[in-house]
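Have a look at the model first, and then let's walk through it together.

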Amino acid sequence: MEQNIFILIPAYNPDEKLIKLVNELKESGFSHILVIDDGSKAECKPIFKEVENSGCTLVVHEVNKGKGQAIKTGIQSASEIIKESGKEFIGYITADADGQHLTKDIMGVANCMSENKDCLVIGTRNFNEKDIPLRSRFGNKFSSAFFKIVTGVKCTDTQTGLRGIPYILTNLALEEDGSRYEYEMNFLMDAVKFTKMISIPITVIYENNNEGSHFRPIRDSLRIYGRFLKYISCSLISCACDLIFFHLISLFFDTKELAATSAIFISTAIARVLSGTINFTLNKLWCFKNNRKSVKQVIKYMTVFFSNMILSASFVRLLTFIPVPRLLIKCIVDTILFFVSYRLQQNWVFRKKL
């Protein structure tokens, strides 16, 4: 077994399963293991002490900061150790501390990384097995479909915690948005823009219907899909601004000697430019959190913006032969373009750099 992969284990209030996992990893030849205590309760200190005494590196968060931040802390600490060693490492493997990931599956990810050094490797569970909790089955099916729509890449297990992250994605992993469960989805969506993703099957382990999970269905689901929900919010805010600007500008031109058609056209154009500027700013700084100053981003955004307008009008006109209300056709067309626009803005306009 090559000794150039760091095993990262974020842990929050773990039990003896963490000790068992670490010992098995040691016995299997893994010598670089880093455990992150993410603000666990005092009763867990003996467990972390034993883990540290076994030769693992232990990093401690004094308060709980979330799984995403724990992974970032682990990658930051591991990358510093790698730089100091002067050795060449393939990357990092993240594994859960609750016993869901078997040592043989972690080894499988490591072997795959050794053969595909610049690829993202994820351990994929089979959610069609009968013992899978309904909540987990539904959540995974939904997130996989969402992932396919917004990235164009098929991933049958977007929520797996067993991942092999190549060293080339270190900066991306450290700068990724999110500190809790949303981090893993955000990173996955951005990582597939830069490297190939390889999925390998792993064993599914759910004890007591997964009651030991720290995942909070409603709150954490909102976090996971937070970027897209922000995108929707930005669109709604921009739409409201467009209507307000149009109304105010129309009132201004009502006092001028200007033809009604000209007044409507000018009001629409000015309102659309102003609302588009607001939408660009919100998407850039709040939704996609891309702080790079770039004229290219403006040009790309304008390309998507005006293309959507043209395509919307064109498709509605082409589909008027269908015997349904035109408004319904427009709603369907604009909904499809809405997802297309999201994908273009995420993967092209505000694309992150390594």
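Let's begin with the lining of the largest cavity, where α7 gives the largest share, 3 residues. This is a predicted model, so local features need pLDDT of at least 70 and side-chain atom pairs pLDDT 80 or more, while totals for chains, interfaces and linings use all residues. Residues are numbered from 1 along each chain as its sequence is written, and side-chain values use heavy atoms, with hydrogens and water left out.

**Cavities**

- There are 2 cavities of 30 Å³ or more; a cavity is a set of points, on a 1 Å grid over the protein atoms alone, where a 1.4 Å probe fits but cannot get out.
- The largest cavity holds about 40 Å³ of space, a volume being the space filled by probe spheres set on the grid points, which are joined across faces, edges and corners.
- Its lining (residues with an atom within 4 Å of a point) consists of Ile71, Thr94, Arg163, Ile165, Tyr183, Glu184 and Phe187.
- At least two lining residues each come from β6 (163-166) and α7 (182-191); helices (H or I, at least four residues) and strands (E, at least two) are DSSP runs numbered from the N terminus.
- By class, this lining has 4 nonpolar, 1 polar and 2 charged residues, where Ala, Val, Leu, Ile, Met, Phe, Trp, Tyr, Cys and Pro count as nonpolar, Asp, Glu, Lys and Arg as charged, and the others, Gly among them, as polar.
- The second largest cavity has a volume of about 40 Å³, and around it lie Asp190, Lys193, Arg227, Phe288, Gln346, Phe350 and Lys352.

- Of its 27 lining residues, Arg272, Phe305, Asn308, Asp334 and Phe338 lie nearest the centre.
- Four helices, α9 (226-254), α10 (260-287), α11 (295-318) and α12 (326-349), each contribute at least two residues to the lining.
- The lining comprises 12 nonpolar, 11 polar and 4 charged residues.

**Helix α4**

- The 13 residues of α4 (residues 103-115) should span 18 Å at 1.5 Å a residue, and the end C-alpha atoms, 19 Å apart, agree with that; the expected span is 1.5 Å times one less than the number of residues.
- Its buried residues (under 20% relative accessible area, 1.4 Å probe, protein chains only) are Thr103, Asp105, Ile106, Val109, Ala110, Cys112, Met113 and Ser114.
- These buried residues pack against β1 (5-11), α1 (16-27), β4 (91-94), β5 (120-124), β6 and β7 (197-201).

**Thr160**

- Thr160 sits in the loop between α5 (134-151) and β6, and at a relative accessible area of 1% it is buried.
- A polar atom of the Thr160 side chain lies 3.2 Å from the backbone nitrogen of Leu162.
- Beyond its neighbours within four places in sequence, Thr160 is in contact (heavy atoms within 4.5 Å) with His101, Ile122, Gly123, Arg125, Glu184 and Ile202.

- Asn13, not a glycine, has a positive phi of about 50°; Asn13 lies in the loop between β1 and α1.
- Asn13 is partly exposed at 25% relative accessibility, a class that runs between buried and exposed (over 50%).
- Lys289 also has a positive phi of about 50° without being a glycine; its place is the loop between α10 and α11, and at 39% relative accessibility Lys289 counts as partly exposed.

Terms used:
1 Å grid on protein atoms, 1.4 Å probe; cavity = no way out; pocket = protein on both sides within 12 Å on 5 of 7 lines; lining within 4 Å. Polar contact = N/O pair within 3.5 Å; in protein donor to acceptor, adjacent residues only side chain to side chain.
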